[in-house]
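Q: Could you take me on a close look at one part of this model, the zinc site and the stretch of chain around it? I would like one connected account, with the cut-offs spelled out along the way.

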Amino acid sequence: MTQKKDPDKIMQEFRQRQSRQFIAIAATLFIICLCAVIYKRPDIFGEFSTSTLVGAQIVIIASYVVYTAVNWICPSCGKYLGSDINRKFCKKCKARLQ
Ligand SMILES: [Zn+2]
């Protein structure tokens, strides 16, 4: 991957990756909360075993980690962007992201 990409393209791609990342975070949190609610309210949702719900949470967290590793990378150099969702510059290649 070249580091001589068009800065506008880098910022545009970063925005797409950032919005996908927000969706992934929201979906992950939603499903984790949903599992907790299902566990707390068997009267509404029916009985699920603890291991089923814990298993579901492990699967969703693992999916989130894998998705983040693929999505949350610098559009310029392809390195992982770290925990800051509002990062302005890539800490590896110093490309401007937004
Ligand atoms: Zn970079």
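A: Happy to, and a definition comes first: helices (H or I, at least four residues) and strands (E, at least two) are DSSP runs, numbered from the N terminus. The model is predicted, so to speak of a local feature takes a pLDDT of at least 70, and side-chain atom pairs count only at pLDDT 80 or more, while totals for chains, interfaces and linings use all residues. Residues are numbered from 1 along each chain as its sequence is written, and side-chain values use heavy atoms, with hydrogens and water left out.

The protein chain has 3 helices and 0 strands, running α-α-α from the N terminus on. Its radius of gyration is 18 Å, well over the 13 Å that the globule rule gives for 98 residues, so the chain is more spread out than a compact globule. That radius is taken over C-alpha atoms, and the rule is 2.2 Å times the number of residues to the power 0.38. Along the principal axes, the C-alpha atoms fill a box of roughly 60 × 20 × 15 Å.

Now to the metal. The zinc ion has Cys74 (SG), Cys77 (SG), Cys90 (SG) and Cys93 (SG) as its protein donors, lying 2.2 to 2.3 Å from the ion. Donors here are N, O and S atoms within 2.8 Å of the metal (3.2 Å for Na, K and Ca); water is not among the atoms, so sites may look incomplete. In sequence, the donor residues follow the spacing C-x2-C-x12-C-x2-C. Cys74 and Cys93 both lie in the segment after α3, so this pair ties together parts that are 19 residues apart in sequence. The 4 donor atoms subtend angles of 108 to 111° around the zinc ion, which makes the arrangement tetrahedral; for four donors, that label asks for all angles between 85 and 135 degrees. The ideal angle for four tetrahedral donors is 109.5 degrees.

Cys74 and Cys93 are both buried, where buried means under 20% relative accessible area, exposed over 50%, and partly exposed in between (1.4 Å probe, protein chains only). Lys94, by contrast, counts as exposed at 57% relative accessibility. Lys94 also sits in the segment after α3 (50-71), and has a positive phi of about 65° although it is not a glycine. Most residues other than glycine have a negative phi.

Let's step back to Ile73, which lies in the segment after α3. At 17% relative accessibility, Ile73 counts as buried. Leaving aside residues up to four places away in sequence, Ile73 touches Arg17, Gly78, Lys79, Tyr80 and Leu81, a contact being heavy atoms within 4.5 Å. The C-alpha atoms of Ile73 and Phe14 are separated by 8.6 Å, though 59 residues apart along the chain.

Phe14 also belongs to the 1 aromatic pair found in a search of the whole structure. The rings of Phe14 and Trp72 have centres 5.6 Å apart and planes at 40°, so the pair is tilted. Rings of Phe, Tyr and Trp (its six-membered ring) pair if their centres lie within 6.5 Å; planes under 30 degrees apart count as stacked, over 60 as edge-to-face and the rest as tilted. Phe14 lies in helix α1 (residues 7-40) and Trp72 in the segment after α3, so the pair ties together parts that are 58 residues apart in sequence. Both are buried.

Finally, Asn71 lies in helix α3 and is buried, with a relative accessible area of 3%. With residues up to four places away set aside, Asn71 touches Arg17, Arg20 and Gln21.

How values were computed
Four donors count as tetrahedral if all angles lie between 85 and 135 degrees; four count as square planar and six as octahedral if opposite donors are over 155 degrees apart and all others between 65 and 115; anything else is irregular.
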